[in-house]
Amino acid sequence: MHTLGIPTVDDRIVQEAARIVLAQIYDPVFSKHSHGFRTGRSCHTALEESRNTWTGMKWLIEVDVRGFFDNIDHDILLRLLSKRIDDPRFIGLIERMLKAGVMDDWTFERTYSGTPQGGVISPLLANIYLHELDEFMEEMRVGFDQGKTRRANPAYTRLSRQIADYRAEIDALRAGGADDAEVRNLLKRIKAVTKERQACSSVDPMDPDFRRLRYCRYADDFLVGVIGSKADAKRIRAEIEAFLHDRLNLEVSPEKTRVSDASKGSPFLGFHVCAFTLRSAGSMAGRSKVGGGSRRVRRRPTRGNIKLWVPRSRVYGFCRRKKLGNLDLRNGRVRPQFLDSSVAEMVIAYNSELRGLANYYAIADGVKSSLDGLELVMFRSLLATIAARQRITRARAMANLKLGTDYGVKTMVRGELRVQMLWRLKHLNVRPWQQSVVDNTTVGSRLALSTNDIITRLSARECESCGDVDGPFEAHHPNRLKDKRRGPMTAWKQSARRRGTIVLCRSCHVHLHGGRLTSGMESRVH
């Protein structure tokens with residue numbers, strides 16, 4: 001469990017000013033293989049880089065840094081900053097931020113290492129710290145890469161020459177008016193040799209004179225791909241571990257640091273990354289003949305294409321964490337935390353949960369088939385919760401949600417009919433997200449756990465404090481629930497929603513809790 005250090009408002013302003021200065025200095029020099037906490041980059045851009053440029057990888061090196069954010073060495077970080085910033089006062093400011101300490105239950109604790117998780121400037125400082133690793137990996141890549149192309153496979157070359165000889169013989173027979181039986185016999189031989197050739201690679205996959213090293217990082221999660229021998233991959237892993245220990249004073253987790261066969265894959269950013277070769281016969285393409293003209297040939301698919309799969313453990317973990325039901329039996333269960341919500345709010349919450357997960361895995365291969373079982377369980381869980389809320393059967397709940405070929409709920413808000421459709425996998429746009437917003441957690445489900453139902457807030461017409469009719473409005477609860485907060489979340493929410501409420505506009509609600517309402521307004525509220 002990581003401890004979050006939340007800075008004060010004044011500290012956040014200073015940190016943001018320092019972050020802007022540091023970003024202008026370091027963003028232009030950061031590696032193109034670094035994707036974490038950078039404008040226009042996200043987990044998806046890191047994964048897309050792996051899929052588009054790692055074809056043919058034989059080994060994947062997974063390195064797990066133990067407690068990275070908690071173990072950043074302050075002296076090393078300040079020394080790295082001093083390489084590009086010749087301002088002792090600014091460096092001193094960063095040092096004071098790092099060593100400011102934290103207050104935990106009114107007890108002051110000093111910070112001797114790490115960056116405060118929750119601070120505005122911490123992600124950028126982490127990138128600056130690991131920029132040394134990026135440069136080290138680039139130097140290693142330059143020294144490791146060897147050869148322009150793989151050498152030809154002798155067996156493949158021999159079979160290709162045999163086919164060419166047969167075709168030349170056929171052309172000679174046809175030119176001399178030979179019997180068609182001899183031509184058919186040669187064509188059968190070509191077919192047999194072609195089938196044998198398709199079983200072997202056109203190039204030597206283990207060519208010792210052809211090596212490649214690829215590297216991709218998102219924050220402290222990074223993956224290394226190697227074309228070479230397993231001994232090369234183990235040596236690279238050892239050099240990375242030594243660099244992290246000697247230069248950055250970081251330790252790796254031996255149980256989570258490994259060299260994996262690329263065909264078996266390795267976890268990276270919640271995906272399962274692996275090299276995959278399509279088993280189909282391939283597509284047809286045109287080829288020109290030696291003597292002129294063209295002929296149709298079958299082009300084999302490339303080998304070792306990088307695929308991104310949705311790990312089943314992630315899907316099962318999501319279903320178990322949200323208490324949706326049994327994924328193996330495809331059963332959905334009632335979720336008590338939504339029994340005090342309106343049907344529209346339930347739909348919003350379920351939409352947020354499924355859409356958030358599906359959008360993150362939108363770039364995965366076969367994402368819809370990987371999540372279709374979860375979608376069914378969530379739909380049945382929604383029906384079970386609505387049925388328990390309204391004391392009807394699940395079949396009746398499904399019939400009430402049916403809107404043509406889709407499902408949704410109709411709600412009257414201020415005399416206007418609104419329709420909230422149920423989001424399903426068929427609405428998923430399978431494409432990568434270019435904005436870093438994909439790394440954020442959706443908040444729709446959390447809205448359903450608030451003290452006010454969303455339909456109540458939307459239906460409000462006038463602020464009871466200032467008389468505003470434009471909105472948006474919120475419901476204020478005069479009675480506090482400090483004691484209830486100690487119990488289960490569901491009981492707290494039920495008690496919260498059953499209390500008396502006062503409709504306030506957003507501005508008055510903020511002023512009320514801040515003690516800044518005028519005396520006249522307070523008399524109308526309390």
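M412, L417, V419 and M421 make a nonpolar surface patch of about 360 Å². Patches here take residues with over 30% relative accessible area and no salt bridge, with nonpolar side chains (Val, Leu, Ile, Met, Phe, Trp, Tyr) joined within 5 Å and like charges within 9 Å; the areas come from the Shrake-Rupley method with a 1.4 Å probe, and for residues only the protein chains shown count as cover. The model is a predicted one, so local features need pLDDT of at least 70 and side-chain atom pairs count only at pLDDT 80 or more, while totals for chains, interfaces and linings use all residues. Residues are numbered from 1 along each chain as its sequence is written, and side-chain values use heavy atoms, with hydrogens and water left out.

Strand 16 gives the most to the nonpolar patch, namely three residues. (Helices, H or I with at least four residues, and strands, E with at least two, are DSSP runs numbered from the N terminus.) M421 sits in strand 16 and, at 34% relative accessibility, counts as partly exposed. On this scale buried means under 20% relative accessible area, exposed means over 50%, and partly exposed is in between (1.4 Å probe, protein chains only).

Two strands are taken to pair if DSSP finds at least two bridges between them; strand 15 (residues 406-413) and strand 16 have six, in the antiparallel sense. Within this pairing, V413 stands opposite E416 of strand 16.

Strand 5 pairs with strand 1 (residues 59-63) in the antiparallel sense over five bridges, and here V224 is the bridge partner of I61. Strand 4 (residues 212-218) is joined to strand 5 by seven bridges, again running antiparallel, with Y218 partnered by D221. Strand 4 and strand 5 form a hairpin with two residues between them, and A219 in the turn has a positive phi of about 55 degrees.

Over in helix 2 (residues 43-53) there is S50, which is buried, with a relative accessible area of 0%. What is S50 in contact with, leaving aside its neighbours within four places in sequence? The list is C216, F268 and I306, where contact means heavy atoms within 4.5 Å.

Turning to charged side chains, the structure holds 22 salt bridges, each defined as a side-chain nitrogen of Lys or Arg within 4 Å of a carboxyl oxygen of Asp or Glu. Among them is the one between E16 and R19, at 2.8 Å from N to O. E16 and R19 are three residues apart in helix 1 (residues 9-26), and so are separated by about one helical turn. E16 is partly exposed at 28% relative accessibility, and R19 is partly exposed too, at 27%.

R141 and E138 also form a salt bridge, their closest N and O atoms being 2.7 Å apart. This pair lies in helix 5 (residues 122-144), three residues apart and therefore separated by about one helical turn. R141 has a relative accessible area of 26%, which makes R141 partly exposed; E138, at 32%, is partly exposed as well.

The side chains of R424 and E375 meet in a salt bridge of 4.0 Å, N to O. R424 lies in the loop between strand 16 and helix 13 (444-447) and E375 in helix 11 (residues 367-390), so the pair ties together parts that are 49 residues apart in sequence. R424 is partly exposed, with a relative accessible area of 26%, whereas E375 counts as buried at 18%. Finally, E48, R51, K307 and D365 are linked in a network of salt bridges.
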